[in-house]
Amino acid sequence: MIATGGAIGILGGGQLGRMMAMAAAQLGYRVIGYAPAGDNVAADVSHDFIEAGWGDKQHIAEFAARCDVVTWEFENVPLSAVGAVPLQLLAPHPRALETAQDRLKEKRFVEGLGGKPAPYAAVDSEDDLAGAADRIGTPGILKTVRDGYDGKGQWRIASMRDVESFRFPGRPCVYEGFVDFETEFSVILVRGQDGEVRFWDSTENVHQDGMLATSTLPAAPLIADQVDEARQIAAQCAEALGYVGVLTLEFFATRDGPIFNEMAPRVHNSGHWSIEGAACSQFENHIRAICGLPLGSTDTRYEQVEMRNIVGEDALTAHELLAETGEPHLHLYGKAEAREGRKMGHVTRVANARS
Ligand code: AMP
């Protein structure tokens, strides 16, 4: 167990690190962040923040030497950087990052545990793409194997005509059949050092342009029907990875059951509602798990919950939301520039407290 006043290292400096650092401070820990120079909004709320490159092994080792435990808030932290942190300090185990950073590895891993991804094929050239689209069919989506997020590094392939005119990005990709889903949901769990697993309720997630727009409870009945199967797969993944902390798996709810989309070895945008909507948030439970503290209840506290992302210039007028009735909970991440398509904050609305 990490004692009060202990230091938690967080690799990455974005909003997930910021909200994790706030939860850590509440529990009496100091956070030391590490990320390359940039708009590291976690630094505003951290005890200390080191800006240095992922390739700077000496700085990473010095950072780690000051920490009692080291975690991450960003799944694309290079494995070589994580490797500069002594393994016994890391939680979760870096094998989770290794799996999730590679879409092919991730799909094979989940498939091996009984999960069902959309039909897919590895694609390394225009010829491969033509073959994959022919076999799997169109429409489909081509995704880079590495470094994609929020719909970036993805191309919709509507028809074979699109395949013919497509300029291959020159990086390993995976072609996926387009899933004709009814709706989307995620399973977010926390696993403690003793292997105990708790799940938050699964919200219904709506995406716009490949990016999460809203997460809502209660979710559609189809999601409620499919959550148990999805949870079983997620729990098996966590166990196989010897996972400690918060783990997220995203699913498509289809008429034929849950189809696995992707795994995030971290707290997740679709769990932000848990700050006000659940007894213990994903951020606090992640900190509790990696510090060896008892896990908190994941129970939902309201009959209705909605989390809505605030993107781009909408952040400039977001304070106006505070005038609304119903006490919306506004979270702004303090990012310097309200660029189009950039997550700037979120607002959570809750109603009808559960007794
Ligand atoms: P991803 O970054 O892979 O999570 O994709 C972001 C969003 O794009 C998903 O949440 C879906 O809304 C959509 N999407 C991704 N892959 C597929 C697919 N194979 N079929 C249908 N929609 C998809």
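The shell around the ligand draws at least three residues from domain 2 (119-177) and at least three from domain 3 (183-353). The model is predicted, with local features requiring a pLDDT of at least 70 and side-chain atom pairs counted only at pLDDT 80 or more, while totals for chains, interfaces and linings use all residues. Residues are numbered from 1 along each chain as its sequence is written, and side-chain values use heavy atoms, with hydrogens and water left out. Besides these two domains, the protein chain contains domain 1 (7-90), the bounds being those of an automatic or database domain assignment. The C-alpha centres of domain 1 and domain 2 are 34 Å apart.

Around the ligand there are 15 residues, of which Lys143, Gln154, Glu176, Glu184 and Glu262 come nearest, a residue being near when one of its heavy atoms lies within 4 Å. By class, the shell comprises five nonpolar, five polar and five charged residues, where Ala, Val, Leu, Ile, Met, Phe, Trp, Tyr, Cys and Pro count as nonpolar, Asp, Glu, Lys and Arg as charged, and the others, Gly among them, as polar. At least two shell residues are supplied by each of strand 6 (140-144), strand 8 (173-177) and strand 14 (257-264); strands (E, at least two residues) and helices (H or I, at least four) are DSSP runs numbered from the N terminus.

Polar contacts are pairs of N or O atoms within 3.5 Å; within protein, one atom must be able to donate a hydrogen and the other to accept it, and residues adjacent in sequence count only if both atoms are side-chain atoms. An N or O atom in the side chain of Lys143 lies 2.8 Å from an oxygen atom of the ligand, and a polar side-chain atom of Arg103 is 3.3 Å from an oxygen atom of the ligand. A nitrogen atom of the ligand, in turn, lies 3.1 Å from a backbone N or O atom of Gly177. Taken alone the ligand exposes 470 Å², of which the protein buries 93%, as computed by the Shrake-Rupley method with a 1.4 Å probe, only the protein chains shown counting as cover for residues.

Arg103 also belongs to helix 5 (residues 103-112), in which Arg103, Leu104, Glu106, Lys107, Phe109 and Val110 are buried, that is, under 20% relative accessible area, as against exposed over 50% and partly exposed in between (1.4 Å probe, protein chains only). The N-terminal end of this helix is capped by Asp102, a side-chain oxygen of which lies 3.0 Å from the backbone nitrogen of Leu104. Helix 5 is followed by Gly114, with a positive phi near 100°.

Cys237 lies in helix 8 (residues 221-240) and counts as buried because its relative accessibility is 0%.

Thr248, in strand 13 (residues 245-254), is likewise buried, with a relative accessible area of 0%. A polar atom of the Thr248 side chain lies 3.1 Å from the backbone oxygen of Arg266.
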